[in-house]
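The entries below follow the order in which I went through it.

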Amino acid sequence: MHVVSFQVPYPPNYGGAIDVYYKLRWLREQGHDILLHTYIYGTAERQPALGELCREVHYYPRQEGLLSLLSTEPYIARSRRSPLLLRDLLRDDAPILFEGLHTCHYLSHPSLKGRMKIVRTHNIEHDYYSLLSRQVRWSWRNLYYRLEATKLRRFERVLLSADIILAISEGDAVSLRSRYPEKDIRLLPCFYDDHFVCPQGGTEPYVLYQANLRVEENARVANFIQDRLAPRMPDARFILAGRDPSFLSRRANVTVVPNPSAEAMDDLLAKARVNLLLTFQPTGVKLKLLGALSKSRGHVVANEEMLRGNDLARLCVRGEASTETLPSLLARLSQSGPSVGDIERRQRVMKEKKARVSRLKPSE
């Protein structure tokens with residue numbers, strides 16, 4: 001089958017890439033021959049490791065720039081158009097999996113009429129961009145987010161050309177079914193690296209926030225921790241770890257770890273006394289929450305927005321992004337980690353979730 005990925009899904013070091021990469025691994029285990037199509041832009045490079053999962057890997061340049069930005073089509077989709085991609089998709093009659101609305105420029109193309117076309121939605125994109133626009137002050141970036149949200153709301157109707165739509169969360173599935181009742185919309189939970197740490201083992205007294213720090217939403221949380229939370233907890237140690245942070249440490253008790261390797265991140269997750277998972281934007285599936293619940297021996301603290309749309313609240317400690325209540329909660333949890341029994345129960349629930357996905361058949 002063909003898989004069109006919006007970005008090179010290796011290394012799997014942020015949400016979207018994690019879901020695509022581990023889905024490719026699962027498809028390979030299920031016996032599929034995969035022809036992967038993806039885009040080179042920014043710091044992305046060709047990745048030989050993908051050749052171990054895919055029969056073929058095709059790379060295309062992304063058409064960034066003013067012409068794509070001024071199109072009536074959303075920038076995230078218009079900039080990924082490529083006649084070479086269409087040519088390569090037409091070389092056989094295999095099914096096509098489009099990863100994200102980003103890759104759907106050719107979904108309704110007449111040349112693909114009659115092909116099995118599946119779209120994996122990673123978000124309700126117009127909601128996501130609309131919320132992003134509220135998080136930045138008036139500027140060209142705010143204007144871009146607002147225009148993109150409007151374009152994405154209109155462009156989403158391209159999904160009518162899909163045979164199957166795979167929603168990443170139950171909330172997204174409900175939203176899509178309400179707008180496209182005639183379509184075959186199914187829930188497919190996200191894929192991620194779900195190896196589990198040994199419950200026995202020590203933790204260290206630090207609070208970890210890990211995320212793709214290039215994303216505005218995540219950078220806002222990191223700034224909240226550094227500028228508002230850390231000063232109220234001078235005896236606590238905070239670690240902010242993730243991809244491409246645009247900031248440095250501004251506090252003596254805050255350490256910024258840029259671009260940790262997968263092994264280093266796993267070590268930070270396993271040993272953190274507290275994994276702090278906050279968000280101000282309740283959209284999409286928070287893969288960092290799933291990773292923390294699988295790989296941490298410490299407490300997992302999440303706020304309401306992080307837990308919205310999933311059933312994981314029973315495995316977490318609820319903590320809101322408030323400078324009035326959060327410091328005392330973190331101070332209390334930092335005294336000692338959860339019991340081995342609590343960690344084993346948490347991992348048992350997560351393994352059951354994994355088993356439900358593993359029982360899916362390729363035809364499903």
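My entries go from the sheet to the helices and then to a few loop residues.

Before starting, I noted that this is a predicted model, in which local features need pLDDT of at least 70 and side-chain atom pairs count only at pLDDT 80 or more, while totals for chains, interfaces and linings use all residues. Residues are numbered from 1 along each chain as its sequence is written, and side-chain values use heavy atoms, with hydrogens and water left out.

**The sheet.** Helices (H or I, at least four residues) and strands (E, at least two) are DSSP runs numbered from the N terminus, and two strands pair if DSSP finds at least two bridges between them.

**Strand β5.** I then followed β5 (residues 117-121), where five of the five residues are buried, so this strand is largely enclosed by the rest of the structure; buried means under 20% relative accessible area, exposed over 50%, and partly exposed in between (1.4 Å probe, protein chains only). Lys 117, Val 119 and Thr 121 point one way from β5, while Ile 118 and Arg 120 point the other way. β5 pairs in the parallel sense with β4 (residues 96-99) over four bridges, and with β6 (residues 164-167), also in the parallel sense, over four bridges. I traced Val 119 to both neighbours: Val 119 is the bridge partner of Phe 98, and it stands opposite Ile 165 in β6. For Ile 118, the bridge partner in β6 is Ile 164.

Axes here are lines fitted to C-alpha atoms, for helices over the stretch in contact, and angles run from 0 to 180 degrees between N-to-C directions; contact means heavy atoms within 4.5 Å.

**Helices α5 and α6.** I next looked up α5 (residues 125-134) and α6 (residues 140-155), which pack at an angle of about 160 degrees with their axes 8 Å apart. That makes α5 roughly antiparallel to α6, a term for angles over 145 degrees, with those under 35 roughly parallel, 65 to 115 roughly perpendicular and the rest oblique. Among the residues that meet here are Tyr 129 and Leu 132 in α5, and Tyr 145 and Leu 152 in α6.

**Helix α9.** In α9 (residues 262-271), I listed Met 265, Asp 266, Leu 268, Leu 269 and Ala 270 as buried. Their cover includes β8 (204-211), β9 (238-242), β11 (272-277) and α10 (287-295).

**Loop residues.** Last, I noted a cis peptide bond that joins Tyr 10 and Pro 11, with omega about 0 degrees; Pro 11 lies in the loop between β1 and α1. Asp 244, which is not a glycine, has a positive phi of about 45 degrees, and is found in the loop between β9 and β10 (254-258). At 29% relative accessibility, Asp 244 counts as partly exposed.
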